[in-house]
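Morning, everyone. Please have a look at the structure on the screen, and then I'll walk you through it.

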Amino acid sequence: MLARELPVLCRPGSEAELAGGDGDDLGPVGYFAGTIDLVYRDRETGETVVADYKTDPIESDAELVSRAAMYRLQGGVYQRALKDAMGLAEPPRFELWFFHADRIY
């Protein structure tokens, strides 16, 4: 484990940048603020991982995929913030931990 409940404050970025691209549009003036639930290093791969806890009541695989898509932008913000802060060559892996469904996506 590298961090728990890690506060995040970062500049906005373009949709392309947040999706892992090389966009250089800084977007509107403002900021993103949040808290990363967990940052850990995967023991098997050595990758840095951002895990975000979700308590959504998920009942099916289709619902899981739909909910995961809703959190894509949040994940991109967290990945970029951690990549910049830690000076990582690549963005960390992003995982959604859906507790109700007992699944990691």
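Let's start with a charge and a ring. K54 lies over the face of Y71, and the distance to the ring centre is 3.9 Å. Keep in mind that this is a predicted model.

Now step back to the whole chain. How many helices and strands does the protein chain have? Three helices and five strands. Read from the N terminus, the order is β-α-β-β-α-α-β-β.

The protein chain has 105 residues, and 35% of them count as buried. What about contacts along the sequence? Take the contacts between residues at least 6 apart in sequence: 59% of these join residues at least 24 apart.

Next, the aromatic rings. A pair of aromatic rings is described by two things: the distance of the centres and the angle of the planes. This structure holds four aromatic pairs. One of them is Y53 with W97. Their centres are 5.7 Å apart, with 35° between the planes, and the pair is tilted. Where do these two residues sit? Y53 is in strand β3, residues 48–54, and W97 is in strand β4, residues 93–98. So the pair ties together parts that are 44 residues apart in sequence.

Y53 is in strand β3, while F99 is in the loop between β4 and β5. This pair therefore ties together parts 46 residues apart in sequence. F99 is partly exposed too, with a relative accessible area of 47%.

Y40, Y53, W97 and F99 form one aromatic cluster.

Last stop: the start of the chain. M1 sits in the segment before β1, which covers residues 3–10. Is M1 buried or exposed? M1 is exposed, because its relative accessible area is 68% and the cut-off for exposed is over 50%.

Which residues does M1 touch, leaving aside those up to four places away in sequence? L38, V39 and Y40. M1 and R41 are 40 residues apart along the chain, yet their C-alpha atoms are separated by 6.4 Å.

Definitions and conventions: Residues are numbered from 1 along each chain as its sequence is written. This is a predicted model: local features need pLDDT of at least 70, side-chain atom pairs count only at pLDDT 80 or more; totals for chains, interfaces and linings use all residues. Side-chain values use heavy atoms; hydrogens and water are left out. Helices (H or I, at least four residues) and strands (E, at least two) are DSSP runs, numbered from the N terminus. Buried means under 20% relative accessible area, exposed over 50%, partly exposed in between (1.4 Å probe, protein chains only). Contact means heavy atoms within 4.5 Å. Rings of Phe, Tyr and Trp (its six-membered ring) pair if their centres lie within 6.5 Å; planes under 30 degrees apart count as stacked, over 60 as edge-to-face and the rest as tilted. A charge sits over a ring if NZ of Lys or CZ of Arg is within 6 Å of the ring centre and within 35 degrees of the ring normal.
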